[in-house]
Amino acid sequence: MNWHKTSLEISTHGKALHDITDTVRKQLREWDVQEGMCFLFLPHTSASLVMSENWDPTARADLETFMERLVPEKAGWYTHDLEGPDDATSHIRSMLTDTSLTIPIDDGNLSLGTWQGIYVFEHRARPHQRKVLMRVLSISE
């Protein structure tokens, strides 16, 4: 078994789902991993990692709209606004979603469903540099 690790730097342009599937696949190819497990972790409290449909862009838009409606910025009861009106909402949205994913690797590729993709879900209104820690345990043949 081999242990591979890196940090992926992801630039976001504000609130949205940012597809990182190809970035993760590219790193797997560079390591030439054929079989194993891919562990992804996002060490941030105002963004998250999610698995979602990556074919039809309206699915992404619906998820973004859903989160805006579920946790709206204009609720009067928020008190945590040190970094702006999206401060409390960003943390709440991150708490409701995931900050880590585990994906099997088979035959040199992520074992994702036909329409699945990996996303950094940016919950802040302004652009950010996000780090995704990527760890892969590969099985040597």
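**Group meeting: a walk through the predicted chain**

Let me begin with burial: of the 141 residues of the protein chain, 41% count as buried, where buried means under 20% relative accessible area, exposed means over 50%, and partly exposed covers what lies in between, with a 1.4 Å probe and protein chains only. This is a predicted model, so local features need pLDDT of at least 70 and side-chain atom pairs count only at pLDDT 80 or more, whereas totals for chains, interfaces and linings use all residues. Residues are numbered from 1 along each chain as its sequence is written, and side-chain values use heavy atoms, with hydrogens and water left out.

As to the overall layout, the secondary structure comes to three helices and eight strands, which from the N terminus on run β-β-α-β-β-α-α-β-β-β-β; helices (H or I, at least four residues) and strands (E, at least two) are DSSP runs, numbered from the N terminus. Along the principal axes, the C-alpha atoms fill a box of roughly 60 × 30 × 20 Å. If we take contact to mean heavy atoms within 4.5 Å, then residues 24 or more positions apart account for 84% of the contacts in the chain with a separation of 6 or more.

Let me turn to the interior. In soluble globular proteins, nonpolar side chains tend to be buried together. A nonpolar core here is a set of buried Ala, Val, Leu, Ile, Met, Phe, Trp, Tyr and Cys residues joined through side-chain atoms within 4.5 Å. The largest such core has 21 residues, and those with the most contacts inside it are Val24, Leu40, Leu110, Ile118 and Val132. Among the elements that each supply at least two residues of this core are strand S1 (2-12), helix H1 (21-31), strand S3 (36-41) and strand S8 (128-138). Leucine 40, leaving aside its neighbours within four places in sequence, is in contact with residues including Val24, Leu49, Ile103, Ile118 and Val132.

Ala88 brings us to helix H3, where Asp87, Ala88, Thr89, Ser90, Arg93 and Ser94 are buried, and where the buried residues pack against S4 and helix H2 (57-70). Serine 94, found in H3 (residues 87-96), counts as buried at 8% relative accessibility. Beyond its neighbours within four places in sequence, serine 94 is in contact with His44, Thr45, Ser46, Ala47, Ser48, Thr99 and His123.

Proline 85 and alanine 125 are 40 residues apart in sequence, yet 9.1 Å apart in space, C-alpha to C-alpha.

Finally, the aromatic rings. Rings of Phe, Tyr and Trp (its six-membered ring) pair if their centres lie within 6.5 Å, and planes under 30 degrees apart count as stacked, over 60 as edge-to-face and the rest as tilted. By this rule the count comes to three aromatic pairs. In one of them, the rings of tryptophan 3 and phenylalanine 39 have centres 6.2 Å apart and planes at 40 degrees, so the pair is tilted. Because tryptophan 3 lies in strand S1 and phenylalanine 39 in strand S3, this pair ties together parts that are 36 residues apart in sequence. The rings of tryptophan 77 and tyrosine 78 also make a tilted pair, with centres 4.5 Å apart and planes at 50 degrees; tryptophan 77 is exposed, with a relative accessible area of 63%, whereas tyrosine 78 is buried, at 15%.
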